[in-house]
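Colleague: I have a few questions about this one. Can you go through it with me?
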Amino acid sequence: MNERDLNYYYNKFKYGEDCFHYLMSKKVKEILLISTFYDAFIFEQDGRLSEQIFGEYRQLNLSTAPMITSVPTGEEALRILKERQFDLVITMLHVGKITSFDLARQIKGNYPDLPILLLLNMESDIPSVDLYRDRMTIFDGVFLWKGDTKLFLAMVKSIEDKRNLEYDTKHGLVRVILLVEDSVQYYSMFLPLFYEEIMKQTQILIREELNDINKRLRMRARPKVILAKTYEEAAEIYERYKEYIIAVISDISYLHNGKLDNEAGIKLISEVKKNIYDVPTILLSSEFKNSEKAAAIRATFLYKYSNQLLNNLRKFIIDNLGFGDFIFRDVGGNEIDRARSLVEFEEKLKTIPDETIVYHGKRNHFSAWLMARGETFIARSMRLLNVGDFDSISEVRQHLVSTLNQIRKSRNKGKIINFHPKSLYESNEISRLAEGSLGGKGRGLAFLNALLITMEFEKHFTGVNITLPATAIIGTNEFDQFIRDNRIFDRLKENQNDREIGEIFLNGRLTNELMEKLSSFLEIIRYPLAVRSSGLLEDSYSQPFAGIYRTYMIPNNHPDKSIRLAQLVSAIKLVFASVFVRNARKYIENLNHQIEEEKMAVIIQKVVGVSTGDYFYPHVSGVAQSYNFYPIANLLNEDGIATVSVGLGKSVIEGGKCFRFCPRYPDIEFVQPQALLVNSQKEFFALNLKQTDFDLLESDDATISQLPISEAEKHGSLENIASVWDYSDNRLVSGLTHKGARVITFDNILKYDYIPLGEIIHKLLDIGEKAFGMPVEIEFAVDLTKDWAHEINPTFYILQIRPLAVGASDVELRNEDRHGDDLLLYTDKGMGNGVIDYLSDIIYLQSEKFDNLKTVEMQDEIEHFNEKLKIEDREYILIGPGRWGSQDRFLGVPVKFVQISQARVIVETGLENFSIDPSQGTHFFHNIVAMKIGYFTVPFKSVSSFIDIKWLNGHDTIEEGKYFRHIRLEKPLIVRMDGKTGIAVIEK
């Protein structure tokens, strides 16, 4: 995929399908008003024209109101038209020496496509217009001003509707109201009413909309009002746009074949009634006797002289054009139920009587109601619905419900929608529980989800679902409100520990609005939940926060809903609190930020996995990076790297024993089979479903259990994941059919394509890197459950995406650059780029004192050294065996990043019988990458890499602890890192 393709899909998401993006493309933005000084004064002073028009647009939430430029004479108008471009000209009848007719002819001669409207401000001018009817054709319309600025809105919208009619109906299925009226007085009165009511009703419908993008599209897809003044004009419009017309409102008497026909309207409506669809119609007349003729052709009759005329027209629009509630009726037309929203409409369809479905289906009522709500594609499919095409009414009912359900899902897929309980089961949808920013994680997740849905990414793979877990986000406004309402800053003290801070937050109150939504949420949701942080500063390129804030997993299975709610609320509050705990505070300070700058959104996500009775976990969890800092063999950095494990992702992100592979070439083995046997995953993490009562304040792992991998085999989870070591042949055998030691190899997935995991990850990373403009890292989980009989496929879930910093190389190093006497260190497994020339401090863990049973003590000691150098504002080189930052204390020192925050270069060294893979894929590692810290690995007895420990031991000690030694050199070392080759050196 190239950037051009990506841009296409982004625009498709941003604006909807291309057809919606270009709806209403021909808009009136600049109006030239030609009026005498007196008329201009009346418009502005009495009518306050500009202010009123702006007010009308703002009140109806329309796009920017048009700019009006007034000139007093026709001559001035001709001059300014040469200097500026206008979209519409409105001229009064009297405009100085030149007549309005001659002025219009000159303008049309120079600008044939520029619409011109004639505005009358006295009824006494109407006879003149009628007298010169033939000359009036030069104008695109004639209107009568009676002081109501709504007429200007109607004039502008009528021109826009006429100019966009052809494209918008063809490409956007936009609906049309046909008004046939030749009286200037009446259509100047009707059009403002139509537009005002259509705009208002559309605004009401927009408030029901769950997604902001859909709201914008809905206004663009509002019904158009098209005015016709003769029978021929009306008949042509009707025939041409028959498929889109939702109402015809006609006078009875107007021109037909060039002559006044007192029954033209009756003839037109009679033709309309021949349509297979029941199009609502009105006949207007100043003669009450015509009501009988209207009744004979099943048209609504309105008496023009009635003092309720406009009110009746307004009622007709609401009742017949689908803007109000949908009223379900029996065969006699009596109301039996009503639906106020699309979701309610879908639910009611399941229970209404069969005869009601037939009654509304034959009359096209379903389609009309949906059309008015902008549901054009559903409406069109229902409009083509013929009850006779089905074997039974129950089949019709099922078709209607399933059509609504599928299109509702597809419309919201990939979008952020306002909270609604109906959406909580849906994948690929993100519900917003509170306003405000989505935070770093939320933004990345929402963006990737939207892009993949728009691209229909899932369709590239057969037999596997690719989706986002059901997700809800609490925006940062709730965090701000919580901090203010509970006076958090007043209650926080300098020396409080993390538990005391947590208690302060647990004693606070969330807003009533959020509590009500969470209660509704739990009425429906019974699956396990992950409550994740999404800080404003989190997961960005320049300021990584991977692993700094907390995630809580809750089983959500207590029989008492009030307890489940309390557990969820506690998790949310503790995520809020994680901004203020010790490690986070130090980390934020190290990035030169103030704690007040950070705001926290909260992601509530369905935990991916399967229930095994007492435990819940995914078959596979993993992290993948589009840039591999340590490629092997012929692999390139750009081929990427993935790290996976059985169970919850804690094993991966905290640096436990995992399996690594290249997504682009998943069948390439990174480790020899014998080494796999030793280093294979022996334990996994799972959510403990038995633990319904727990204290999240004790630990964010309070609900997590660590189990032996043999338990996963008992659960049937290793069927497509494990291999067996055949001791007789000294080889690995895929599957579990043989006896022998179990080794986690993922062979059936990576080599035999149970699912195309490598290809899915590779394509996701490629899309993510192009979308972010830099390498990225994703977190994912996989449910391998497959049941062909019930059409259940394995599912790949995207949990998170974040940028990954990789600098361009400005240092070139080669293998030949190894000169032992000049170098403290040489490695071809270096990460970082550039030159560091100011480091004089080195803290190193003396290899003879390393004991992987005492790494927790080492953790405390290095923190002491780090704090001392932080006070002195000095950075240092950190050297030691094993894996720095591993949460498996037997693999290395389990430091948090803040405990070594002054380290500018970190070196991992190997020991005999203690060879550990680099920390790639962990949160700790991600922070090192993004903060551009030099990160080097020197394997034990490497052929190419080395470190001169003897040289270090020969220097005087500044301070020596039980495990670590601190030295300071008179002359700074020079660190050179080549980001392209991975070669790094430290020059003495």
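Colleague: Leaving aside neighbours within four places in sequence, which residues is V607 in contact with?
Modeller: Keep in mind that this is a predicted model. In it, V607 is in contact with P528, L529, A530, M553, F616 and L648.
Colleague: And where is V607 found?
Modeller: In the loop between β21 (600-606) and β22 (610-611).
Colleague: Buried or exposed, this V607?
Modeller: V607 counts as buried, because its relative accessibility is 4% and the cut-off for buried is under 20%.
Colleague: New topic. How many aromatic pairs does the count come to?
Modeller: The count is 26 aromatic pairs. One of them is Y186 with F190: the ring centres are 5.7 Å apart and the planes are at 35°, so this pair is tilted.
Colleague: Where do Y186 and F190 lie?
Modeller: Both are in helix α9 (residues 184-208), 4 residues apart, which is about one turn of the helix. Y186 is buried at 15% relative accessible area, and F190 is buried at 0%.
Colleague: What about the rings of F447 and F772?
Modeller: Their centres are 6.0 Å apart with the planes at 90°, so that pair is edge-to-face. The pair links distant parts of the chain, with F447 in helix α20 (residues 439-455) and F772 in helix α31 (residues 757-772), 325 residues apart. F447 is partly exposed at 30% relative accessibility, and F772 is partly exposed at 26%.
Colleague: Which residues do ring pairs link into a cluster?
Modeller: F479, F482, F489, F505, F576 and F580.
Colleague: Last one: what sits over the ring of Y754?
Modeller: The charged end of K786, at 4.1 Å from the ring centre. K606 likewise lies over the face of Y527, 5.1 Å from the ring centre.

Note on methods: Residues are numbered from 1 along each chain as its sequence is written. This is a predicted model: local features need pLDDT of at least 70, side-chain atom pairs count only at pLDDT 80 or more; totals for chains, interfaces and linings use all residues. Side-chain values use heavy atoms; hydrogens and water are left out. Helices (H or I, at least four residues) and strands (E, at least two) are DSSP runs, numbered from the N terminus. Buried means under 20% relative accessible area, exposed over 50%, partly exposed in between (1.4 Å probe, protein chains only). Contact means heavy atoms within 4.5 Å. Rings of Phe, Tyr and Trp (its six-membered ring) pair if their centres lie within 6.5 Å; planes under 30 degrees apart count as stacked, over 60 as edge-to-face and the rest as tilted. A charge sits over a ring if NZ of Lys or CZ of Arg is within 6 Å of the ring centre and within 35 degrees of the ring normal.
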